[in-house]
Amino acid sequence: MRTEITISELAKLMSVSVHQIRYFEEKGVLMPAYIDDNQYRMYNFDQIYELSHILLLRKLGISVQGIKECMTSYDSDQYEQLFQHSLQEVEAEITRLTELQHFIQKVLHEHHSFSHASEHFKVIKREKTYLAPWVCLDAHEELHARRLAEQAESLPNLFESDIHYVWEGSGTTMLAIESQEPTEWCMPDGDYLSCHRQLHAEEQLEDVIQQFYDDAARTTYALSGPVILIEKSYLSLFSKNKLHYELLSFIKP
């Protein structure tokens with residue numbers, strides 16, 4: 001009774017295709033134990049282990065040519081370095097996917113909130129939020145493509161961020177993003193007067209902000225600090241390129 005297996009049996013055992021095994025043979029990384037009189041490729045335990053090592057290295061992203069080099073010349077220390085490098089790449093990919101997961105969750109949450117929000121005021125609670133200044137615009141200065149390009153390095157994921165427009169008493173407008181680290185500028189925790197707007201063009205902002213001031217003045221709330229407008233550009237995907245904004249003003253305790 002023969003103890004070796006055929007290429008099809010090897011393929012089934014290792015959950016790969018016959019084509020893959022033939023490819024590894026063509027590249028000189030896996031050879032059969034022998035070829036019998038009927039020209040069948042026959043494999044024994046040695047080839048099973050070799051194939052398992054090849055498949056493991058392929059999982060690590062090693063090319064077939066690289067696998068040939070590994071299996072013919074690598075020592076224990078080199079294999080350890082290879083696995084450490086692969087682990088670092090996997091951890092970096094996990095971080096990237098986790099960040100992407102959080103962003104997708106954020107987009108879906110914001111979309112749901114905007115879809116069910118009216119344009120009337122409501123009071124919301126917010127935790128303390130630190131803001132990192134990004135661009136400061138003088139009175140009557142417009143934000144244009146050139147200015148964005150000049151600031152590209154400081155905010156690589158521009159349109160994945162909530163851009164906070166803060167109108168200061170000096171007439172300047174500060175554009176800021178949320179910061180995980182404490183900064184000089186923060187939105188205190190507490191109640192905020194909030195409303196949502198969808199606009200077709202930025203030119204409508206001035207009228208919307210003035211309307212916010214006028215409507216807020218008719219409420220019984222005592223407001224403090226500047227009006228803050230938050231632009232959520234990623235939500236434009238859901239509404240035929242309308243611009244999505246939230247207007248906020250802190251309510252005195």
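**Close-up views of a predicted protein chain**

**View 1. Strands S2 and S3.** S2 and strand S3 (residues 41-43) run antiparallel and are joined by 2 bridges. Strands (E, at least two residues) and helices (H or I, at least four) are DSSP runs, numbered from the N terminus; two strands pair if DSSP finds at least two bridges between them. This is a predicted model, in which local features need pLDDT of at least 70 and side-chain atom pairs count only at pLDDT 80 or more, while totals for chains, interfaces and linings use all residues. Residues are numbered from 1 along each chain as its sequence is written, and side-chain values use heavy atoms, with hydrogens and water left out. Within this pairing, Ile35 has Arg41 of S3 as its bridge partner.

**View 2. The open sheet S1-S3-S2.** The sheet holds 3 strands in the order S1-S3-S2, with antiparallel pairing. Strand S1 (5-6) and strand S2 (34-35) are the edge strands, each pairing on one side only.

**View 3. Gln39 in the loop between S2 and S3.** Gln39 has its place in this loop. Although Gln39 is not a glycine, its phi is positive, about 65°. Gln39 is exposed, with a relative accessible area of 59%; here exposed means over 50% relative accessible area, buried under 20%, and partly exposed in between (1.4 Å probe, protein chains only).

**View 4. Ser15 in the loop between two helices.** The loop that holds Ser15 lies between helix H1 (7-14) and helix H2 (18-26). Ser15 is another residue other than glycine with a positive phi, in this case near 60°. The relative accessible area of Ser15 is 66%, and the residue is exposed.

**View 5. Strand S9 and its two partners.** S9 covers residues 190-199; 7 of its 10 residues are buried, so the strand is largely enclosed by the rest of the structure. Strand S4 (residues 122-126) pairs with S9 in the antiparallel sense over 5 bridges, and Tyr192 in S9 is the bridge partner of Ile124. S9 also pairs with strand S11 (residues 243-251), again antiparallel, over 8 bridges. In S11, Ser249 stands opposite Leu193.

**View 6. Cys195 within strand S9.** Cys195 belongs to strand S9. Cys195 is buried, and its relative accessible area is 1%. Cys195 and Leu247 are 52 residues apart along the chain, yet their C-alpha atoms are separated by 5.4 Å.

**View 7. The whole chain, for orientation.** The protein chain has 7 helices and 11 strands. Its radius of gyration is 31 Å, well over the 18 Å that the globule rule gives for 253 residues, so the chain is more spread out than a compact globule. The radius of gyration is taken over C-alpha atoms, and the globule rule is 2.2 Å times the number of residues to the power 0.38. The C-alpha trace spans about 95 × 35 × 35 Å along its principal axes. Of the 253 residues, 36% are buried. Among contacts (heavy atoms within 4.5 Å) between residues at least 6 apart in sequence, 66% join residues at least 24 apart. The chain exposes about 16,600 Å², with carbon and sulfur atoms supplying 51% of it; accessible areas come from the Shrake-Rupley method with a 1.4 Å probe, and for residues only the protein chains shown count as cover.
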